[in-house]
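Please read these notes beside the sequence and the 3D view.

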Amino acid sequence: MWRSCLRLRDGGRRLLNRPRGGLTASEGLGPKPPTPIRAYVPPAERKRFYQNVNISQGEGGFEINLDHRKLRTPQGKLFTVPSEALAIAVATEWDSQQDTIKMYTMHLTTLCNTSLDNPTQRDKDQLIRAAVKFLDTDTVCYRVEEPETLVELQRNEWDPVISWAERRYGVEIGSLSSITGPNIPARTREVLVSHLASYNMWALQGIEFVVTQLKSLVLTLGLTDLHLTVEQAVLLSRLEEEYQIQKWGNIEWAHDYELQELRARTAAGTLFVHLCSESTAVKHKLLQG
């Protein structure tokens, strides 16, 4: 039975035995993860030009310094983050780069750039509405009608997450095996909008980023509430794909690469949300290269 293969709620185990100025911080953004029908082309990489990475506190928050250069955003703004913990996490991304700077691996830096530059010029209400809109097409709310093994798998793995969200927020979500998707009550949207409004703008950028990765607001809420681990949320978001892989086999490297990339982006986005909501200062802020 597929239930025994996934066992997501029991430690997030893997399916069967599958293996698994200053510099502007937008340069070298990589492509999306490859698909089986498109060859992977490595993004451009820039040679590492700095030795040491450290952070300092300025009037607007915490800054990232590459040697004696202050990091700036793509729009030329001073790269300043609101919490010391987030600054250390971003500095660690820069410090972990080896001979070349691989911007496509630096998800926290990218999220900070988005929060600082706000290239789409959205306000808090628009960010919240964009995240809640995913309920209309939420991954865990859409069900198949056949084959029975996949129907059972979705019921066993997705229903408990929906039930948790309904209890946690006192709402009705449900699911539907129809192309039209679930009929989400207006009150459910209002409650979730109110809940998301408790987050600041930076955290909301991270929430929307994770929702976009998982194609699910329900799974994202499970992550931010520490009900799910990153591994569990990612496997739940890929339930049908993993089912097909088990049935028809894996495509050499593409699926494993995509899985690892999705985990990395989801983990970074979730960490970003928590660090942007963290008020406790971190004492040691200097990172030596």
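1. Buried means under 20% relative accessible area, exposed over 50% and partly exposed in between, with a 1.4 Å probe and protein chains only. Isoleucine 207 is buried by that rule because its relative accessible area is 2%.

2. This is a predicted model, in which local features need pLDDT of at least 70 and side-chain atom pairs count only at pLDDT 80 or more, while totals for chains, interfaces and linings use all residues. Residues are numbered from 1 along each chain as its sequence is written, and side-chain values use heavy atoms, with hydrogens and water left out.

3. Isoleucine 207 sits in helix α7 (residues 201–214); helices are DSSP runs of H or I, at least four residues, numbered from the N terminus. Leaving aside residues up to four places away in sequence, isoleucine 207 touches Leu196, Tyr199, Thr220, Thr224 and Val273 (contact means heavy atoms within 4.5 Å).

4. The structure holds 0 disulfides, a disulfide being a pair of cysteine sulfur atoms within 2.5 Å. For cysteine 276, the nearest cysteine sulfur is that of cysteine 112, 6.4 Å away. Cysteine 276 is buried at 8% relative accessible area, and cysteine 141 is buried at 0%.

5. The axes of helix α4 (residues 124–132) and helix α6 (residues 186–196) come within 10 Å and cross at roughly 130°. Axes are lines fitted to C-alpha atoms, for helices over the stretch in contact, with angles from 0 to 180 degrees between N-to-C directions. The contact is made by Ile128, Arg129, Ala131 and Val132 of α4 and Arg189, Leu192, Val193 and Leu196 of α6.

Key. Helix = DSSP H or I, 4+ residues; strand = E, 2+ residues; numbered from the N terminus.
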